[in-house]
Amino acid sequence: MNKELRQAIIAGNWKMNKTRSEAKTLIEDLKPIAEKATCGVVICVPYTNLETAVELTKGTNIKVGAENVHFKKSGAFTGEISADMLTEMGVEYVIIGHSERRQYFGETDLTVNRRVKAALAAGLKVILCVGEMLSEREDGITEDVVELQTVAAFTGVSEEDAKNVIIAYEPVWAIGTGKTATAEQANEVCSFIRGVVAKRYNKAVADGMTIQYGGSMNPKNAAELLAQPDVDGGLIGGASLKAADFGVLLEEASK
Ligand code: PGA
């Protein structure tokens, strides 16, 4: 409900794909397609493509995001990137807490929370990922899992700052597997998360928050998912790597 109170955003998550030259081609292909979109358009790209993406999207409706950020301002953290490094470059968004980072890189609710706070303090908009694993869904604890992840991520985050957070509900079992949550399942959990945000802050913050679905969203299933009352766009992996596919999702989210 209250879909008009918030913006639908389609965000691409390129993950570890595209060299710089490939990125240039994809962005150039995307520009004329994205132009027609009335939904928000974001591409989250590998660090090595950020500068290229910021340059090529200047003056367009495409916003650029990173796929992670460290929580310290600077220091001896080999291989890490700070929020200030991103904002100075013109990056506006950052994905935090993606399940691949939680699964493969030791990300925890605590580090997610620290990253969220550092990103917001630097003026970045956060795409916070939450979602259950298959075993957790089967155990009937999906709501417990996403509630814990959401509440933990917002610990110490002011109401004002919370307005710069987008949540992406991504059931882990649906990511890159071709298995999509049904539109009803996606809506049910997005709606539940909105309730968690309302409890943590208030109804106005919850109603205004963009809550995306992510996990094998593609041109075939997008219309049904995006039509759901509590699904405000999507975080898109595989289908963000082809301009035409991404274009279909932008079109559907713009309806
Ligand atoms: P997918 O990835 O669309 O390839 O399933 C989504 C994501 O991981 O954000």
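Modeller: E143, D144, E184, E188 and E224 form a negative surface patch. A patch is built from residues with over 30% relative accessible area and no salt bridge, with like charges joined within 9 Å; a salt bridge is a side-chain nitrogen of Lys or Arg within 4 Å of a carboxyl oxygen of Asp or Glu. Asp and Glu count as negative. The model is predicted: local features need pLDDT of at least 70, and side-chain atom pairs count only at pLDDT 80 or more, while totals for chains, interfaces and linings use all residues. Residues are numbered from 1 along each chain, and side-chain values use heavy atoms, without hydrogens and water.

At least two residues of the patch come from each of helix 7 (142-153) and helix 9 (183-200); helices are DSSP runs of H or I, at least four residues, numbered from the N terminus. E143 lies in helix 7 and is partly exposed, at 39% relative accessible area (buried is under 20%, exposed over 50%, partly exposed in between, with a 1.4 Å probe and protein chains only).

Now the rings. The whole structure holds three aromatic pairs (ring centres of Phe, Tyr or the six-membered ring of Trp within 6.5 Å; planes under 30 degrees apart are stacked, over 60 edge-to-face, the rest tilted). One of them joins Y104 and F105 edge-to-face, with 6.4 Å between centres and 85° between planes. Y104 is exposed at 57%, and F105 is exposed at 53%. F154 and Y201 are also edge-to-face, because their planes stand at 80°, with centres 5.6 Å apart. This pair links distant parts of the chain, 47 residues apart. F154 and Y201 are both buried.

Technical notes. Patch = residues over 30% accessible without salt bridge, like charges linked within 9 Å, V, L, I, M, F, W, Y side chains within 5 Å. Areas by Shrake-Rupley, 256 points an atom, 1.4 Å probe, with all protein chains shown as cover. Charge placed at Lys NZ, Arg CZ, Asp CG, Glu CD.
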